[in-house]
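Dear colleague,

Please find the structure below, handed over for your use. My notes on the findings follow it.

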Amino acid sequence: MHFLQPTSWDEALEARAELPGGLPVAGGTDVMVDLNFRRCHPAALIDLGRVPGLGEVSADGGWLRIGAAATYEHLMTALRHDFPALALAARTVGSPQIRHRGTIGGNLGTASPAGDAHPPLLAAGADVEVASQSGIRRIAIADFFTGPKRNAMAPDELISAVHVPRASGPQQFAKVGTRNAMVIAVCSLALALHPDRRRVGTGIGSAGPVPLAAAEAERFLEGVLGEDGLWERPRPLGEAVRGRFADLVASAARPVDDVRGSAAYRVHALRVLAGRVLDWTWADYLAAGPRHEAPAGRGVAG
Amino acid sequence: MVTTVTERARGGVGESVVRVDAVAKATGTFEYASDLRAEPMLWGAVLRSPHPHALIRHIDVSAAAALPGVRAVLLAADVPGKRTFGLNFDDQPVLAEGIVRYHGEPVALVAAETPAIAHEATKLITVGWEPLAAVTDMEDALRPGAPQLHDFGNVLRHVHIIHGDPDSAEADVWVDGYYETGMQDQAALGPEAGLAIPAPDGGIELFVASQWLHVDREQIAPCLNLPADKVRITLAGIGGAFGAREDIHMQIHACLLALRTGRPVKMSFGREESFLGHVHRHPSRIWLRHGATRDGRLVTVDARLLFDGGAYTSSSPAVLGNAGTFAAGPYEVPNVRIEGTLVFTNNPPCGAMRGFGAPQVCFAHEAQMDKLAAALHVDPVELRLRHALRTGSVLPTGQVLTGAAPVRELIERCVRAPMPSLQPARGRDQLDYPGTTGNVTRGEGIRVGIGYAVGFKNTAFSEGFDDAATARVTLSRGADGVVAEIRTAAVEMGQGLTTVLTQIARTELGVGQVVLRTADTSMGNAGSTSASRQSMMAGGAVQMACHQIRDRLAERARGRFTGNGQPLPDPVELRDGALVAGGEWVADVTDLLDEPAAETAVYHHRPTTGFDDAGQGDIHVTFTFAAHRAVVEVDTELGIARVLQVVAAIDAGKVLNPLGFEGQIEGGTAQGLGFALMEELLTENGVVRNPSFTDYLIPTFLDMPPVLTEAVEEPDPGVPYGLKGIGEAPTISSTAAVVAALRDATGRELNRAPVTPDDLAGLRPPRPTAGPPPVPDVPGQWPVAYYHQQVSTQQQLM
Amino acid sequence: MKLRLTVNGEPREIGEVGADESLLTVLRDSLGLTGTKNACEQGECGSCSVYLDGGLVCSCLVPAGQAEGADVGTVEGLAGYRDLDPVQEAFAQAGAIQCGFCTPGLVMAVHDLLRRVPDPSDGQIREALAGNLCRCTGYQKIISAVRLAAGRVNGHHGY
């Protein structure tokens, strides 16, 4: 098995093209588990750790560009204002040791339905930028996940960055586990309000073969907010709207029973979480109107 | 001139002495079994069965043997001696022969130059499997027509205990309950490991993490076709045990490979193999019926226990016996019937885990006491106080509690302990909510619950087993003054035994410098480090040896210094480097050590008996009682919980090392909390589904609350310092207390441990039952194999 | 492949390392530094925690090749020229060690915490150490050790 250490992005793409059996690795927090357990025997490892600038986070007008090698530790603090749902999700990943190394590109590359970054990316309407020697293309996040641990990338492509609109409204992320730390989600939910576009985004994790958006719930809430002029003149939503939204989120899930939890519990938990994250985001919106920063991790009386 | 000595050597019994191995462990220089090396070392690997029950039609090892770097491939036919082993009965194959009975059962061994090659070679071994129907439900094991997993059927043991006249007992209020507990795993951080080095005399040197070196040797030597004195075992550093190191794990395998290749062989399990490669806590089903008078007095308890022993015997018979004796709880009950059955299944083998049957029955009887209290409209604490055992009480086995039994005091300490401050539901820091950083709640649906539980456990081995312990102490003049050396095969596995032994030596010999030799089989048998016994047993042996040294030195002093032939006045003591008699200084110890003084002592506990036909007998040596109070918060909508505080009140007799004692209580309580909320090794049709730390969850820093430890020190008569064994006490009632608190918070019945979010959120009803299975027909109270002429390995040893 | 790295301040060179090996196996098997422990090999327990270029990582999850030219710190190097680092001393004195298998990883994690947050709150301690499992202690005495060490360290770490 070879170990390749490209020192530029072009070298990395070249290595990827020349060695179809090569496994890209950045933080190693997913790849190394498979190697340690001898579950895979790739022809080579392609270390992306020496490619300069791959982990940078930058803003470009109304968009954020998050480099594929950006670690959760970095994202926890760097995204508080511009992508609060992902900042919240980053804090729930593993442990400080894992967060120091794990990357958003790694999460996407593994494409697990349980990947913590995925629901926020769905809710925010992100694009995944992938590159090969033939050029660059963007894959809408909704098209990125093609099956459990399968994504829409070609064998000669690498993830270079994720592009996401900067938050124009409150966002939330909630993740349920059986203990209080270091859990793979039993289920998770991201919610983002986009007042600039009059859109609502959701993302569900660990409750289907791929990360899912609750499209019906999104359209329902957009309808309610749009028809009643609530984006411009917000007022409390009421129990009927909350309940319907929660039911629609729950019905979007396609969970199974597994060692981490039952399908019935996942549906139930999503319903509970949906009502809560709606309460919290809407309370933030009521308090401050559009372009409000949801403070990560602090309780707000709602 | 006569000098009165008042100083005592520091670092003795009762002080919080820093561990003797603390610096080595903190600096990473302490050598665990998995750290050992001996060139030219080979690595051993095991091919394990993927099936819970299957025939082996053929095995082809040619491809494995041909792999470059492979030095040996062994099958059952290559075992030179006895092909089976076991703690109670030798029913477990060294390597499977023709049939496998559990997922993970060893089938073949490989020795190779690197771990990767050894592992690769196991994948090249082809086995022709013929899967068989697996018995994976413990009630199915009892059904007529079920596949019979061993020669004498599926019932390993049945114990029957009758106390008073349960058939005629009259009660006004009856409470029925059905309870289940899942398979908990010891999950010690340090995995199984060892190093076997072939010796020039044809024997073997084995360095291993094990809880009982001598019983290991007893099982290993016959398999290697070697006499016992050619199998020399030295204790390697243990990264935790909690019962998982009592059974043979890699010992015979490593020795076989080392003898075959003529080179040292190291075996070190990864986490997954560790989960598959050691015994677990018995899953249980328990049916209880409590009857009481209208004015709140317990009249009768009827208990039906069913324990799943898995594929092989291990120490299961003793676990069941134990569970039976504790099934009615630490309460005075005039009429008791207990029927306890232990079955074989194709589930992973179960055996010793801290608590040894008592946590399961405590979970059940404490739930019953709360149910009964509700039915009687009596406060649940008051009901327990009313019936609490005390010194002089008679147990359902007819055994009289002759030792300390401060059960009421333990309960009262829990009640009186300060409550944690309760935060308002809204406005907290995220870490102070259930789910913490998961950000799932801001206080919605949060309810607080409080629960109490009481339980008890025996110390040392029972049912007539004479598990003595040997220690040898030598006092001599060293370069820096008088030094005491302790030699004992008693195992230190993290619980702090070696430190305690040095404290005992300091107290008894009045010297500061104490050294301990690494435990090995050249020393006398010290018995198992389990059953909370070693402070009493090895401690007792050390104390005895020290007293013998004191007497020897008194003889030397009488001969040399007192001249008139009169015996020295009582009391004769060794204090702060001096021999003191009747409070007066006689001689400096160093002057009495022209020759070292060395004494070996074998400490026996008082005798016990087996169960007679009615389950009566002096079954246990002595008892330790424990009570817990838990305060929890539950997000009742999401079904997740956060434990705010646990109080552990422990019947300690005498706390030998307060810092060490608290550490054991806090750690054991954590294991109990884990068993209540998150720990279960899940099997589906006998196949283990979560053999990893990703999915077998143990509590983290964010799961464990503050634990308040209360020690009640009422000395136990007739044991060194009046001490009680406390290693298991914190696991007995902690699970029951946490689940009681969860019931209080949610109002749900919660009849199974561990509790899941489905249970707490009300998505899953209490587990149902069709009623207890009929009592099986067995020849007697002993394990069934006994009646089929199989003799217990441990009985042979003692 | 060859590997050159600095471990505890000393340059080390290893002649042959498999590309699929981890920094953990390099430390333990190639360099004989067995203080760092292997308890799960998947980053779930923290027993293998080391410093890699100044950041705390699970060494079982670092591909060996990524450590080329890196600066690695392990428990063996923590004390430097002293007998014990204040964190190690605090662990010993506070009764925070039982079987000790988790201790090296925890000592590293606590060392890392205190150099970043000299006076951590209870919540900060628990969250920072949530990636380190202990099966023996129930964590309480480890938290005491952190407070004891914090009181002594004064925010200065020689590493």
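How many residues of domain 1 of chain B are in contact with domain 2 of chain B? The model is predicted, so local features need pLDDT of at least 70 and side-chain atom pairs count only at pLDDT 80 or more, while totals for chains, interfaces and linings use all residues. Residues are numbered from 1 along each chain as its sequence is written, and chains are lettered from A and ligands numbered from 1 in the order in which they are written.

Domains of chain B

The answer is 16 residues of domain 1 of chain B, which are in contact with 20 residues of domain 2 of chain B (contact: C-beta atoms, placed from the backbone, within 7 Å). The side of domain 1 of chain B that touches domain 2 of chain B comprises six nonpolar, nine polar and one charged residues (Ala, Val, Leu, Ile, Met, Phe, Trp, Tyr, Cys and Pro count as nonpolar, Asp, Glu, Lys and Arg as charged, and the others, Gly among them, as polar). Between the C-alpha centres of domain 1 and domain 2 of chain B there are 35 Å. The bounds, from an automatic or database domain assignment, are 22-30 + 468-603 for domain 1, 139-387 + 768-798 for domain 2 and 398-457 + 619-760 for domain 3 of chain B.

An open sheet in chain B

Four strands of chain B form an open sheet of mixed pairing, in the order E18-E26-E27-E30 (strands, E, have at least two residues and helices, H or I, at least four; both are DSSP runs numbered from the N terminus; two strands pair if DSSP finds at least two bridges between them). Strand E18 (446-459) and strand E30 (707-712) of chain B are at the edges with a single partner strand each, so one side of each has no neighbour in the sheet. Strands E26 (residues 622-635) and E27 (residues 640-651) of chain B run antiparallel and are joined by 10 bridges; His628(B) has Ala648(B) in E27(B) as its bridge partner.

Contacts with chain C

In chain B, 49 residues are in contact with 41 residues of chain C. Helix H1 (22-26) and helix H13 (658-677) of chain B are the elements that give two or more residues to this side of chain B, and H13(B) has the largest share, eight residues. This side of chain B divides into 22 nonpolar, 19 polar and eight charged residues.

In chain A, 23 residues are in contact with 24 residues of chain C. H5(A) gives the most to the side of chain A that touches chain C, with five residues.

Yours sincerely

Notes
Two residues are in contact if their C-beta atoms, placed from the backbone, lie within 7 Å.
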